[in-house]
Amino acid sequence: MEQAEDDPQDEVGLRKIIHVDMDAFYASVEQRDDPSLRGKPLAVGGSSGRGVVAAASYEARKFGVRSAMPSARAVRLCPDLLFRKPRFDVYKQVSDQIRAIFLDYTPHVEPLSLDEAYLDVTADLKGIGSATAIAREIRRRIKEDTQLTASAGVSYNKFLAKLASDQNKPDGLCVIRPGEGAAFVAGLPVSRFHGVGPRGAEKLATLGIQTGADLAGRDLPFLRAHFGSFAEYLFRAARGIDLRAVRANRERKSVGGERTFFDNIEDPDKLRETMDQIVDIVWERIERSGATGRTVTLKLRYADFRTLTRARSVTPRVADKAMFARLGHGLLEELMPLPQPVRLMGLTLSSLEREPREGGKPKDGQLSLL
């Protein structure tokens, strides 16, 4: 599926940005390597106890299975769901193949995770003629080299390119040209905006805001009164504005993850169980990144969108997963009882040192959110 042939025009101050997002990456790799899994609902992740879905195939998504969902809930939604344990070494190899393709077209590549990245192709080093044509060629090469599909969005800033890449998934291409951004955003539900989770969309709906057009109709003081510092992002997003540059080879300052809940959580035992799940996933990322650190930070976002962070540093560094879990739980217990239900919880390791851990796995830069 493709939408729009025209390229974002060369205008003063505008860039040509491509956002490439692999389609159900982990699950698609598993289905590629094991033909018996093709066409079947598949989850990558742990299948028992406190297991969490790391990725779901499109067949599983039809049942409502999503990443970061507890595996027990995923099975309730899809009783025929198949599970495979993650093979991050394989995903890393495929990701390296894809990144090598990106670098054939521009040095300005900003990876967000193993399966997605921003590319600034304003310079058009190969003289292909348009960012749209570059995106089409990149998708073709990815399919030829990896037997996997990728979706791409092309636009004049990162926010719009990311929205566009999700527009025609899977295996799609969408272009948003200069002058079209505000109109494109106006017709979208606010739940499509990066950073606006289910509860955020619900709160916006209670204020009469369900689409980008509704959001654009509210002024900044109104948004600040209800969303605090998040208001500036919402105000710009509703107008298709994003001035961030593509930052290649940016140094990671932390490794972490967070979960936004479908329903607010206030039960202490449920919060502790969620902390265990986050620790499992984040520590796996820490090991794969090859990073060690000294500071553990807990992030909580309450039902009213107020965000609280608490941190603790140790010397010389966090030694193992048990210590990481102990520090995370300690920060949580210090805040109990919570003043109101929580809609988001996150845990991060920072003050990093980029040295491979003895017996650990090589770093791979996979620091995506839960």
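## Confidence and local detail

Mentor: This is a predicted model. The chain has a mean pLDDT of 86, and 89% of its residues reach 70 or more.

Trainee: Where is confidence lowest, and where is it highest?

Mentor: Strand β1 (residues 2–3) is lowest, at a mean of 44, and β2 is highest, at 98. The pLDDT is below 50 over residues 1–6, a stretch with 21 contacts in the model beyond near neighbours in sequence. It is also below 50 over residues 355–370, where the model has 49 such contacts beyond near neighbours.

Trainee: OK, the overall make-up then. How many helices and strands are there in the chain?

Mentor: There are 13 helices and 13 strands. Of the 370 residues, 49% are buried. The chain exposes about 17000 Å², with carbon and sulfur atoms supplying 49% of that area.

Trainee: And what share of the contacts comes from residues 24 or more positions apart?

Mentor: 67%, counted among contacts with a separation of 6 or more.

Trainee: Back to β2. Which residues does it cover, and is I17 in it or elsewhere?

Mentor: Strand β2 runs over residues 17–22, and I17 is found in it.

Trainee: Is I17 buried or exposed?

Mentor: I17 has a relative accessible area of 3%, so it is buried.

Trainee: What is it in contact with, leaving aside neighbours within four places in sequence?

Mentor: The contacts of I17 include Y118, L119 and D120, the run G153, V154, S155, Y156, N157 and K158, and also A161 and V246. Take G153 as one case: its C-alpha atom is 8.1 Å from that of I17, although the two residues are 136 apart along the chain.

Trainee: What comes in the loop between β2 and α1?

Mentor: A24 is placed in that loop. It has a positive phi of about 45° although it is not a glycine. A24 is buried, with a relative accessible area of 7%.

Trainee: Moving on to helix packing. How do the axes of α1 and α4 cross?

Mentor: The axes of α1 (residues 25–33) and α4 (residues 88–103) come within 11 Å and cross at roughly 100°. That angle makes α1 roughly perpendicular to α4.

Trainee: Which residues make the contact?

Mentor: From α1, F25, Y26, V29, E30, R32 and D33; from α4, F88, V90, Y91, V94, S95 and I98.

Trainee: And how does that contact split by class?

Mentor: The contact of α1 with α4 has 8 nonpolar, 1 polar and 3 charged residues.

Trainee: Last topic, the peptide bonds. What kind of bond joins K169 and P170?

Mentor: A cis peptide bond, with omega about -5°. P170 sits in the loop between α6 (158–165) and β9 (173–175).

Trainee: What about T315 and P316?

Mentor: T315 and P316 are joined by a cis peptide bond too, with omega about 5°. P316 lies in the loop between β12 (307–313) and α13 (321–335).

Notes. Residues numbered from 1 in each chain as written. Predicted model: local features only at pLDDT ≥ 70, side-chain atom pairs only at ≥ 80, totals over all residues. Heavy atoms only, no water. Axes fitted to C-alpha atoms, helices over the stretch in contact; angles between N-to-C directions. Helix = DSSP H or I, 4+ residues; strand = E, 2+ residues; numbered from the N terminus. Parallel < 35°, antiparallel > 145°, perpendicular 65-115°, else oblique. Contact = heavy atoms within 4.5 Å. Nonpolar A, V, L, I, M, F, W, Y, C, P; charged D, E, K, R; others polar. Buried < 20%, exposed > 50% of the residue type's maximum accessible area, 1.4 Å probe, protein only. pLDDT = per-residue confidence, 0-100. Areas by Shrake-Rupley, 256 points an atom, 1.4 Å probe, with all protein chains shown as cover.
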